[in-house]
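Okay, thanks for making time, everyone.

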Amino acid sequence: MEAVVAVFALLFVLFLGLGAYATVKAIGAAKRGVDRTLTQARRTVEDHTLRAKSFAQPGPVGEIAQLRLKLRTSMRATQDALHAGVAGDESLKESLGLFERLSAHGHELDDELKRLESEPDRAALAERLPELRERTGRITHSADSLRWAARDRARRFAEDDLESLSAQIDVEAGALRHWTTAEQPPPSWPEAPPADATTGHGTRSEATRPPTEETAGRPSITPPAPRQTYSWQKKPRPESTS
């Protein structure tokens, strides 16, 4: 009896532990979902704010807002493209590592631009703009190169797969339409030889052979040639009629 109670107690503790673990995992997943939602909402608000500043505030402040918006848009698009492609192409892991190193420079530049938005000295800010443009252009150019290379690679693989699939479909379609090919008639049997050609030595007899042009005008019996007479021979005496 005590063993049964111990087993039930152990099962109760086990189920309680599993329930607590599942609850913690669910709370963690919900928290991560909320964090992602808040981060996405914050990014959206910041992008709209930068876009508004770039149009509403001319001069160095508006240009800095444009640089930040350009940098953030390029880096986010490249990050999404690489993370989406690495799931199906392991060779993009190296590209993703390079992008993470580039992201460190991008975050550093974005933080610097954000601080300069509240800079009261407009003249000093205007002097920094050429260097800021050059840094932003280098980072966005590298990010764009990685993004387009990943997209070209994915498109090339898709084209190769489509070409191979089209060739296989053409072969299968030809096999399915095999009845449409013109069938050649079977060869005919040779004609049987005449019955009289199979007798004797394989040739017709002279009696049954039809006359030819050479023998058509020749009589069937040759007449005797006239006998030649000489002068010393006696004339034949006529027979007596008596």
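So, which residues in the largest nonpolar core touch the most other members? They are I64, M75, L109, L113, L132 and I139, out of 21 residues in that core. By nonpolar core I mean buried Ala, Val, Leu, Ile, Met, Phe, Trp, Tyr and Cys residues joined through side-chain atoms within 4.5 Å. The elements that give two or more residues to this core are α2 (60-86), α3 (92-116) and α4 (122-176). Helices here are DSSP runs of H or I, at least four residues, numbered from the N terminus.

Quick housekeeping: this is a predicted model, where local features need pLDDT of at least 70 and side-chain atom pairs count only at pLDDT 80 or more, while totals for chains, interfaces and linings use all residues. Residues are numbered from 1 along each chain as its sequence is written, and side-chain values use heavy atoms, with hydrogens and water left out.

Back to L109. Leaving aside residues up to four places away in sequence, L109 touches L71, L132, R135, T136 and I139, with contact meaning heavy atoms within 4.5 Å.

L109 is also one of the buried residues of α3, and others include L92, F99, G106 and L113. Buried is under 20% relative accessible area, exposed is over 50%, and partly exposed is in between, using a 1.4 Å probe and protein chains only. The cover over the buried residues of α3 includes α2 and α4.

Now the charges. A salt bridge is a side-chain nitrogen of Lys or Arg within 4 Å of a carboxyl oxygen of Asp or Glu, and that rule gives a count of 15. Take R133 and E63, whose side chains meet at 2.2 Å, N to O. That pair links distant parts of the chain, since R133 is in helix α4 and E63 in helix α2, 70 residues apart. R133 counts as partly exposed because its relative accessibility is 39%, and E63 is partly exposed too, at 21%.

Next, E112 and R128 form a salt bridge at 2.3 Å, N to O. E112 lies in helix α3 and R128 in helix α4, so this pair ties together parts 16 residues apart in sequence. E112 is buried, at 14% relative accessible area, whereas R128 is partly exposed, at 32%.

Last pair: the side chains of E134 and R138 meet at 3.7 Å, N to O. These two are 4 residues apart in helix α4, so about one helical turn separates them. R138 is exposed, with 58% relative accessible area.
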